[in-house]
Amino acid sequence: MKRIWIFGAGGVVALALVAFATLWLSPGLQDRVLTRMIERFAGTNLAVLDPDALHIVFCGTGSPLPDPDRASACIGVYAGDYFFLIDSGPGGADNLTAMQMPMGGLSGVFYTHLHSDHIGDLPDIALNSWAAGRSDPLTLYGPAGIEHVAAGYAEAFKLDNSWRIAHHGTDFFAVEGAKFNPVIVEIPDRDATVTVFEAGDLKVTAFLVTHFPVTPAFGYRIDYKDRSVVFSGDTSRDENVARVGKDADVMVHEALAAHMVNTIGQVLGRIGDRREKIMGDIPDYHATPVEAAEIANLAGAELLVYSHIVPRLPNALSERMFLRGVSDIRPRGVMLGYDGLYLELPVGSKKIVQHDLR
Ligand SMILES: [Zn+2]
Ligand SMILES: [Zn+2]
């Protein structure tokens, strides 16, 4: 019996080796495998275009701290005929491509503020959506300074854009699609809300949050038919997020686990790493996971999704540390966002359907 088993296992290994050798030595077979892979990954995820749901896709749930598992701030919202991004942090464009998101209909980007981890992927976002068919200038909504971001990137990529138009032709790359249309959003005071976009059943509202010395810094609320999502942007604990996010179906809140960042700072200090200073400075302009949970409770939000997660969480133990104390005040309706998460909120219901597009 034992001998039969050994011969059987040996046969499987021999067959696998033959199959591998055949693939390794056969260009025709390699081309067929490549074709299959392209067929699988080149398609577009059309589910997010269903007008009977509000769709939220997480293309970046990290921060400026290097994290191989999370791109910087980037979240997409598909609602009816519109597709908007909340921020365009580094790595976001790659994730949108990996998630097979339809990019050609990109209507604009709402910027929470102009830190590098929120703006850095604008050139790739612009190029990918242009290649996918966007033919109008890309509208960039944001605080004063957005006009400099738009002008700076336009200047930096002027030659690149001209070469792409020259190579592929204006029928493919419409000249207007290379341009930006910056829109400065002004919010008079903390009690105000400003409607930055409204069309049909879709409304986007901006409000002030606290990210000093970054002023102003915005959060956004998006309402589509009877469904809603609120984005905190980067902020310390700020009840404005709860006020404007009142009864939102989903609250996407940033979070920095101060107890973990403090430990990182102490270790950096011991080894003489000058970035100890940064670890000491950043907790004062971000919210802790527990504070974000308090804000979600105040708002009565159905689901709290952590995003802009600091520090890096490479395993289940670190995730548990990050969430320390959260279940005491919010036992349900909490999740850690991740790159590839897609939430579908069907209209006319309270359902929040989670999809994993990793
Ligand atoms: Zn920031
Ligand atoms: Zn940030």
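**Salt bridges, rings and domains**

Glu176 and Lys179 join their side chains in a salt bridge, 2.7 Å from N to O (a side-chain nitrogen of Lys or Arg within 4 Å of a carboxyl oxygen of Asp or Glu). Keep in mind that this is a predicted model, where local features need pLDDT of at least 70 and side-chain atom pairs count only at pLDDT 80 or more. Residues are numbered from 1 along each chain as its sequence is written, and side-chain values use heavy atoms, with hydrogens and water left out.

**Charged pairs**
- The count comes to 16 salt bridges.
- Glu176 is partly exposed at 35% relative accessible area, and Lys179 is partly exposed too, at 39% (buried is under 20%, exposed over 50%, partly exposed in between, with a 1.4 Å probe and protein chains only).
- Asp223 and Arg221 also pair up, at 2.9 Å from N to O; Asp223 is partly exposed at 21%, while Arg221 is buried at 13%.
- Glu239 and Arg237 meet at 3.1 Å, N to O, in another salt bridge.
- Shared partners tie Asp67, Asp69, Arg70 and Arg312 into one salt-bridge network.

**Rings**
- There are 14 aromatic pairs (Phe, Tyr or Trp rings, six-membered for Trp, with centres within 6.5 Å; planes under 30 degrees apart are stacked, over 60 edge-to-face, the rest tilted).
- Tyr82 and Phe84 are stacked, because their ring centres sit 6.2 Å apart with planes at 10°.
- Phe84 is buried at 2% relative accessibility, whereas Tyr82 is partly exposed at 27%.

**Domains**
- The domain assignment (automatic or from a database) gives domain 1 (2-40) and domain 2 (44-356).
- Their centres, taken over C-alpha atoms, are 43 Å apart.

Note on methods: Chains are lettered from A and ligands numbered from 1 in the order in which they are written.
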